[in-house]
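Please keep the structure in view while reading.

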Amino acid sequence: MDETINFETVRFPAADGFMLSGSYFPSSDPGGGRPVLICPATGVRQSFYYAFSHWLSEEGYSVLVFDYRGVGSSLAESHVKKSKARKQDWGELDMPAALEWLLSKTGTDQAILIGHSAGAQLVGLMPNHESISHLVAVSASSGYVGNIKYPTRLAALFFTFVYIPLAVRCLGYAPAKWIGWGEDLPPMVSLQWARWCRTPGYLESDFGEGVEHDYYKKLTCSITLFSADDDPLATKDNIRDWLRLMPLTAKEIVPLSPGALGCGPIGHVNMFRPSRRKVWPLILNDLQVQRL
């Protein structure tokens, strides 16, 4: 990592007492915009977002990015297979705790949330959702495999119907790193995620059962969704499937074409890579519009 990047390593508790690890990038401009909370995608470490976080702080925004329980620096156990984390815990406990820490640190009552994939999907599980002024959803949608583009759909079907259940049964966790699907995942995170992906409606299929409380129909923050046309997972059908859960929100979808932007493939993950920084000013412009 570039040594010129300045950030503060922080730790804070979730409501259940679980300690989470994050990185805080103070704004270069004390009079800048609202603070920004970056919530990662499934199995993606906070360090993946450091370059973007640093750039955003130089543009006048204080930024917090963190690891969910069971991932990266927030893995408290000696091995991921010993983690008791569930995927819903990330939205119900971890994201709210990160938001509260950021608001306390900056002395503000609302923040902008930039959610990457699951980091946006799970916003409707946050009991403190009213403290979100605006949601920037990057590569966000339902994760239902039936709406994923071929040939990625075939890999997703194998991953969710065969690989994850078998790996958790035999190994006690889901080794995702070696197949290029992010960090290794805790058993209950893996199984819950796979079940959602296999089922129409994705996490909605768990409402009232595994997920006892949700706030999707109460969300009122505006949403800007950045969608790359080469993203095989966040397809138009999956985007519609997710956005319908939030009827009270004002929504804007910003389509992105790598060809038109003059950059390499964006796909589902690449938008935050320094090599795709041509996309970043589009996100910054959306943040600046919120200040008007």
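A pocket, as the word is used here, is an open set of grid points where a 1.4 Å probe fits, with protein on both sides within 12 Å along at least five of seven lines. The model to which this term is applied is a predicted one.

The second largest pocket holds about 230 Å³ of space. It is lined by 13 residues, and those closest to its centre are Ser227, Ala234, Thr235, Lys236 and Ile239. Sorted by class, the lining of the second largest pocket comprises 6 nonpolar, 2 polar and 5 charged residues.

The largest pocket has a volume of about 670 Å³. Among the 35 residues of its lining, Thr42, Trp181, Leu233, His268 and Val269 are the closest to the centre. Helix H3 (118-121), helix H4 (152-171) and helix H5 are the elements that each give two or more residues to the lining of this pocket. Of these, H4 gives the most, with 4 residues. In terms of class, the lining of the largest pocket has 15 nonpolar, 16 polar and 4 charged residues.

Two of the helices that line the largest pocket, H4 and H5, also pack against each other. How are they arranged? Their axes lie 9 Å apart, at an angle of about 160 degrees. Because angles over 145 degrees count as roughly antiparallel, H4 is roughly antiparallel to H5. The crossing of these two helices is left-handed. On the side of H4, the contact is made by Phe159, Thr160, Phe161, Ile164, Pro165 and Val168, while H5 brings Pro187, Ser190, Leu191, Trp193, Ala194, Cys197 and Arg198. By class, this contact of H4 with H5 has 10 nonpolar, 2 polar and 1 charged residues.

H5 (residues 187-198) packs with helix H2 (residues 87-106) as well, at an angle of about 100 degrees and with the axes 7 Å apart. An angle of 65 to 115 degrees counts as roughly perpendicular, and H2 and H5 are therefore roughly perpendicular to each other. Lys87, Gln88 and Trp90 of H2 make this contact with Val189, Gln192, Trp193 and Trp196 of H5. The residues in the contact of H2 with H5 are 4 nonpolar, 2 polar and 1 charged.

Technical notes
Residues are numbered from 1 along each chain as its sequence is written. This is a predicted model: local features need pLDDT of at least 70, side-chain atom pairs count only at pLDDT 80 or more; totals for chains, interfaces and linings use all residues. Side-chain values use heavy atoms; hydrogens and water are left out. Axes are lines fitted to C-alpha atoms, for helices over the stretch in contact, and angles run from 0 to 180 degrees between N-to-C directions. Angles under 35 degrees count as roughly parallel, over 145 as roughly antiparallel, 65 to 115 as roughly perpendicular and the rest as oblique. Contact means heavy atoms within 4.5 Å. Ala, Val, Leu, Ile, Met, Phe, Trp, Tyr, Cys and Pro count as nonpolar, Asp, Glu, Lys and Arg as charged, and the others, Gly among them, as polar. On a 1 Å grid over the protein atoms alone, a cavity is a set of points where a 1.4 Å probe fits but cannot get out, and a pocket is an open set with protein on both sides within 12 Å along at least five of seven lines; lining residues have an atom within 4 Å of a point. Grid points are joined across faces, edges and corners, and a volume is the space filled by probe spheres set on the points. A crossing is left-handed if the near helix is turned anticlockwise from the far one by less than a right angle, and right-handed if clockwise.
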